[in-house]
Amino acid sequence: MDKIFRKQQLTPYEADYAQWCAEQGALLREGRLSDLDRENLAEEIESLGRSDRREITKRLGTLLLHLLKWHFQVEMRKVGWLLTIREQRHQIKSLIDESPSLKAHPRKQLAAEYEFARLRAADEAGLPKKSFPADCPYQIADILDQDFLPGEPWLPEQLARD
């Protein structure tokens, strides 16, 4: 990163976000703490944690949707559903590995995300919402377990049609 030389005016946060980030990073590295845009910098750092929580929540919802489809639409199973299930689990685990303080977040979001996944599953299948359990039929440990697949066992040849 090029050093930001002392100049009269630093780039305002609202004017050029990329330049502002580069300048703030350079100021930190140079130890020029009094020149930092502390309020906006603090807000940006706090938003990083919120971003990870949102990402976990989004991935959990997608995971639940595909688990429901896998469980309750046995005749429609596709390789793509299995790949999505595995990908979401992998990405959630990666986010939690990077930020262990977020380990409880999927459990906290389970009820709300399940309800939305249930609606989406019903819409995608063209079925009434009551076709899917009102409460999540899976434990969070199973939901995040790469080896867990709900419902009837599957055979790889069943997936060949995808």
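## A loop residue and the helices around it

Arg32 lies in the loop that links helix H1 (17–30) to helix H2 (38–72), where helices are DSSP runs of H or I with at least four residues and strands are runs of E with at least two, numbered from the N terminus. With a relative accessible area of 11%, Arg32 is buried, a term that means under 20% relative accessible area, while exposed means over 50% and partly exposed lies in between (1.4 Å probe, protein chains only). The side chain of Arg32 forms a polar contact with that of Asp35 at 2.9 Å; a polar contact is a pair of N or O atoms within 3.5 Å, and within protein one must be able to donate a hydrogen and the other to accept it, with residues adjacent in sequence counting only if both atoms are side-chain atoms.

This is a predicted model, in which local features need pLDDT of at least 70 and side-chain atom pairs count only at pLDDT 80 or more, whereas totals for chains, interfaces and linings use all residues. Residues are numbered from 1 along each chain as its sequence is written, and side-chain values use heavy atoms, with hydrogens and water left out.

The axes of H1 and H2 come within 12 Å and cross at roughly 100 degrees, the axes being lines fitted to C-alpha atoms, for helices over the stretch in contact, with angles from 0 to 180 degrees between N-to-C directions. H1 and H2 are therefore roughly perpendicular to each other, since angles of 65 to 115 degrees count as such, those under 35 as roughly parallel, those over 145 as roughly antiparallel and the rest as oblique. Tyr17, Trp20, Gln24 and Leu28 of H1 meet Asn40, Leu41 and Glu44 of H2 in this contact, where contact means heavy atoms within 4.5 Å. Tyr17, in helix H1, is partly exposed at 42% relative accessibility, and its side chain makes a polar contact with the side chain of Glu44 at 2.7 Å.

Further along, Lys69 belongs to helix H2 and is buried, with a relative accessible area of 6%. Apart from neighbours within four places in sequence, Lys69 is in contact with Trp81 and Glu124. Trp81 is itself among the buried residues of H3, which include Leu82 and Ile85.

The spans of two helices are set out below, the expected span being 1.5 Å times one less than the number of residues.

| Helix | Residues | Span, first to last C-alpha | Expected span |
|---|---|---|---|
| H3 | 20 residues | 29 Å | 28 Å |
| H4 | 21 residues | 29 Å | 30 Å |

H4 has a kink of about 50 degrees centred on Ala111, the bend at a residue being the angle between axes fitted to the seven residues ending there and the seven starting there. Its buried residues, including His105, Leu110, Tyr114 and Arg118, pack against H2, helix H3 (79–98) and helix H5 (140–143). After H4 comes Gly126, with a positive phi near 70 degrees.

Overall, the chain has six helices and zero strands, and 35% of its 162 residues are buried. Of the contacts between residues at least 6 apart in sequence, 64% join residues at least 24 apart.
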